[in-house]
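Below is a short briefing on selected features of one protein model. The points are grouped by topic.

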Amino acid sequence: MMIISGATQIAVDITSGEKDRKTIQTLLMSPVGRKEIAAAKILVVATASFANCIINLLSIAISFNFLPKSPDMSIVSAISPSACLIAMAVLIPFIIFSSSLLIVLGFAAKNQVEAGIFTMPVIMIGMMSGISVSSLDISSINIASAFIPFYGTAVSIKTVFASSGNLVFAAVSSAACLIYAGILAFAASRLFLCEAVAFSGISDIVMGQIKNKLASFKKRKK
């Protein structure tokens, strides 16, 4: 949730925010290729997300080390430097996937208000995934659930910090995130090549097509 929420504002600002500021025209007219622009924006969001990931994991590890040791706090023994490193490795594919998704949604919107509407479900899905996994028994997990975006990563993080962590599940989930990230990165590059989306957004294009179909239907009806 922290990774997604931290990346959303940056992704919205460098996509639909540039449409609001009218700077997207200057950027698209530069000698840099459209695919390179899309890739650079994904890397910017991913870098910020990764920094946020490191800060959060370190703060969790440090906080647990200062907690009083007791039998009720068995999770303290699971927060180790090696577990944090594995968690970072698991989260990197998810960071690339979520950054690509947010860039696609942000660029598909015509302004920042619409981008906020587009990206809100991503935050809600991340929140619901975390809540659903909190009470999950990791001994009963199905490997097929590793292919479910957000949920698979949430389960992977829980398995990493568990004493009997299932690293196979985490590896499958990470591979799935990389596949999804590749698809979304390709979609982002195609969106940046589309002039109509760059200046109007998906919603205006869809509404324009609906109006044209309604107008043609009325003409045929007459």
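A polar atom of the threonine 8 side chain lies 2.6 Å from the backbone oxygen of isoleucine 4. This is a predicted model, in which local features need pLDDT of at least 70 and side-chain atom pairs count only at pLDDT 80 or more, while totals for chains, interfaces and linings use all residues. Residues are numbered from 1 along each chain as its sequence is written, and side-chain values use heavy atoms, with hydrogens and water left out.

**Threonine 8**
- Threonine 8 is part of helix H1, residues 2-13 (helices are DSSP runs of H or I with at least four residues, numbered from the N terminus).
- Threonine 8 is buried, at 8% relative accessibility (buried means under 20% relative accessible area, exposed over 50%, partly exposed in between, with a 1.4 Å probe and protein chains only).
- Beyond neighbours within four places in sequence, threonine 8 has contacts with Leu102, Thr119 and Ile123 (contact means heavy atoms within 4.5 Å).

**Helices H5 and H7**
- The axes of H5 (residues 81-108) and H7 (residues 151-161) are 9 Å apart, at an angle of about 170° (axes are lines fitted to C-alpha atoms over the stretch in contact, and angles run from 0 to 180 degrees between N-to-C directions).
- H5 and H7 are therefore roughly antiparallel (angles over 145 degrees).
- Residues making the contact include Phe94 of H5 and Phe161 of H7.
- The contact of H5 with H7 has ten nonpolar, two polar and no charged residues (Ala, Val, Leu, Ile, Met, Phe, Trp, Tyr, Cys and Pro count as nonpolar, Asp, Glu, Lys and Arg as charged, and the others, Gly among them, as polar).

**Cysteines**
- The whole structure has zero disulfides (pairs of cysteine sulfur atoms within 2.5 Å).
- Cysteine 177 is buried at 4% relative accessibility, whereas cysteine 194 is partly exposed at 30%.

Technical notes
Helix = DSSP H or I, 4+ residues; strand = E, 2+ residues; numbered from the N terminus. Parallel < 35°, antiparallel > 145°, perpendicular 65-115°, else oblique. Polar contact = N/O pair within 3.5 Å; in protein donor to acceptor, adjacent residues only side chain to side chain.
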